[in-house]
Amino acid sequence: FIMKILPAIFANESVFPHLSILDVGSNQLRGSLHPAFAKRATPFALLDISGNQLTSYYRYNSTGINNDHGDDSVVDGGPTSSPLPHIHVASSLLTKPQCTDLIDLAIRHTEANGGWTMDRHKAYQTTDVDIAICGDKLLDTCNDHLRTTILPLMARLFELSLVDLAIEDLFLAKYSAEKDQQRMLSKHTDDSELSFVITLNDGFKGGGTRFIDDDTTVAPNCGAGVFFCGHRLHSGVEVVEGERYILAGFVRVYPSTPEGVVKLDCLLKQSKG
């Protein structure tokens, strides 16, 4: 039995008043998550939708201007460079005011909801805010950036169709040099075919994404970001002074054409060396 969507009734607090953890990972779900999940009066402590063709975020459809790269509102993301094969850095994804706005919204969310989460990612835990359960302005703002900048640029850089990309996890993470705070993230691979990390502030020392097999660290400036295959072994470099905020995303690729299948297969093979 394949359920095509996750029923919105699970987000109804009058029906499930004590439901705070919803783990539906790898259950063959498809489509877009109903907005009710993000707009609950009491956010979920944990909402895990990984391993499905399901997203809480904006996704291009197969009709109209969203079919490929034709949306007139798309921002180009500024100049790009490739310090390593299949690793791309975009210099102007977000403006500094846009970055500051995201940080402020995330901090306000943590102040209203018991602080930062530190146990969402089972193997490699991050100090973060899960954008999917924030609702309102933070989710809407991130969806705007996905629609106008992040997803179109990712499709172009990896020569994939926009309709094949779906955000599986999106989170705003914090690294701090303060005592007893998370300073770094150990080497690991992501479960997603593609990943990105956008730097949201400056004024710190250290930080960046280190690609282990290439012994190379990529540390974009505020508003810039790095795009790469999630299967590539990498780590979060230690912050030695100040606080570093990032917007990180795991992106699933669901090829809709034979050509897309071939491109994805080549990308995954090349990223494994």
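Reply: Asp265 is partly exposed in this predicted model, at 37% relative accessibility. Its side chain meets that of Lys269 in a salt bridge, with 3.2 Å from N to O. Lys269 is exposed, its relative accessible area being 58%. Both residues belong to helix H3 (residues 258–271), where four residues, about one turn of the helix, separate Asp265 from Lys269.

Salt bridges that share partners also form one network, made up of Glu168, Asp191, Glu193 and Arg252. Within it, the side chains of Arg252 and Asp191 meet at 2.4 Å, N to O. This pair links distant parts of the chain: Arg252 sits in strand E17 (residues 243–253), Asp191 in the loop between strand E9 (185–188) and E10, and the two are 61 residues apart. Arg252 has 11% relative accessibility and counts as buried, because that value is under 20%. Asp191 is exposed, with a relative accessible area of 52%.

A further salt bridge joins Asp202 to Lys96, whose closest N and O atoms are 3.0 Å apart. Asp202 lies in the loop between strand E10 (194–199) and strand E11 (205–206), while Lys96 is in helix H1 (residues 96–112), so the pair ties together parts that are 106 residues apart in sequence. Asp202 is partly exposed, at a relative accessible area of 46%.

Over the whole structure, the search finds 10 salt bridges. Among them are Asp265 with Lys269, Arg252 with Asp191 and Asp202 with Lys96.

Terms used:
Residues numbered from 1 in each chain as written. Predicted model: local features only at pLDDT ≥ 70, side-chain atom pairs only at ≥ 80, totals over all residues. Heavy atoms only, no water. Salt bridge = Lys/Arg side-chain N within 4 Å of Asp/Glu carboxyl O. Buried < 20%, exposed > 50% of the residue type's maximum accessible area, 1.4 Å probe, protein only.
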